[in-house]
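Okay, thanks for coming, everyone. Let me put the model up and we'll walk through a few spots.

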Amino acid sequence: MDSPIRVLVLVAFFFPIFVDCAVRHYKFNVGMKNTTRLCSSKTIVTVNGMVSGNYKQVGLMGQHISHNVRSRQDKAMSITLPSQANEEQSYVYNFTITGQRGTLLWHAHILWLRSTVHGAIVILPKRGVPYPFLKPNKEVVVVLAEWWKSDTEAVINEALKSGLAPNVSDAHTINGLPGRIPGCPSQRGFKLPVESGKTYLLRLINAALNEELFFKVAGHKLTVVEVDATYVKPFKTDTVVIAPGQTTNVLFSADKRSGKYLVAASPFMDAPVAVDNVTATATLHYSGTLDNVPTTLTTPPPKNATAVANSFIDSLRALNSKQFPALWGVHRRFPEQTATLFNYTGTPPANLQTRNGTKVFRLAYNSTVQLVLQDTGIIAPENHPIHLHGYNFFAVGKGLRNYNPKTDPQTFDLVDPVERNTIGNLVYALPFGSAYDMGA
């Protein structure tokens, strides 16, 4: 028998100018649901019985949000909040949407529950404030994720016990569905209906646990207009690269008369690290097109297509307009050195022992800090996203070698660096904290 988990989330939106005491309520009924994917069934944790990509919250910039969370279960539960609710416990979490507008990800924080407990937060501009790009006819949330046939908690628990990497997922998904999979002819994919001549905004979210993904739509160019709830200078591309936790908003024009076009999400990994090689597929379906019409296909990039990933990342620039400025003042101040210096991309040190503990680095209030993320060649190089709760990053530089504090700062983008809340390790130098976070 399914074990119910009920979490009530009340989201209050206040409109001091337009509506007095307007309150919008959201109910998070979190429970166990039997779900079938890849011709295999298992019980998963869901919100309101919905699987990935089907549940979202919508608010306006500047609104106050209040979450009242109550948990009735035998496990701790936390949803993107800095605290957790055990069985029969509750807490209230209040926050204000400040300075951000666009798409963000919410997700569970306990082990791997976030593999199915996640969704979108869509932050609309204030009333009367237009988008700094062509207004779309329709907006669609597209959540990219992973699917395991096994219980994901068992997967991560076994990895922690053995000290080895967790088993890779069995498939990727687009809005909860993997599409056509060999060995499972009944498995369907997500269908995105469109009308010829209209413009659509796709709010892309990578809710995968471990893998950066390529995203493509056959026969259509995508115009990137926002990442991680901050506007960017629009640019066209046929391939989006998106890391776990990141979001990207893209426009596309339904400029065909009719037809069906493949949508693909495939892994990006340019290191000898095991990944799920199964490409998730969906269909862009023009109105009036019969179901038996052949689908126009697209070929995903090779999983080690570093040049494709670099081209996309290098194209990201902050909008940096008068209304939406970029970096507010820059202070060149280098951080403390790591405890052990060595050739990070060369031969690793003989002693690979690490220290356990929690360390504190004191910062003056309102200070701007440069943070260098240096990957290593130990065991195998690998990109892995990082974020700092409550702060955004200005990504001012990146590289595929050892960081050089003398020469690399000369190449920093201090004019229109892209602002993100989640950074992949392709980036090697960035200050963290945005103007509205740290008063930079």
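By core I mean buried Ala, Val, Leu, Ile, Met, Phe, Trp, Tyr and Cys joined through side-chain atoms within 4.5 Å; buried is under 20% relative accessible area, with a 1.4 Å probe and protein chains only. Helices (H or I, at least four residues) and strands (E, at least two) are DSSP runs numbered from the N terminus.

Quick caveats: this is a predicted model, local features need pLDDT of at least 70, side-chain atom pairs count only at pLDDT 80 or more, and totals for chains, interfaces and linings use all residues. Residues are numbered from 1 along each chain as its sequence is written, and side-chain values use heavy atoms, leaving out hydrogens and water.

Now helix H1, residues 152–162. Its buried residues are Thr152, Glu153, Val155, Ile156 and Ala159. What do they pack against? E2, with contact meaning heavy atoms within 4.5 Å. After H1 comes Gly163, with a positive phi near 80°.

Most residues other than glycine have a negative phi. Leu38, though, has a positive one of about 55°, in the loop between E1 (30–37) and E2 (40–47). Asn175 has a positive phi too, about 50°, between E9 (171–174) and E10 (191–194). Leu38 is buried at 7%, and Asn175 also counts as buried, at 7%.

Technical notes:
Buried < 20%, exposed > 50% of the residue type's maximum accessible area, 1.4 Å probe, protein only.
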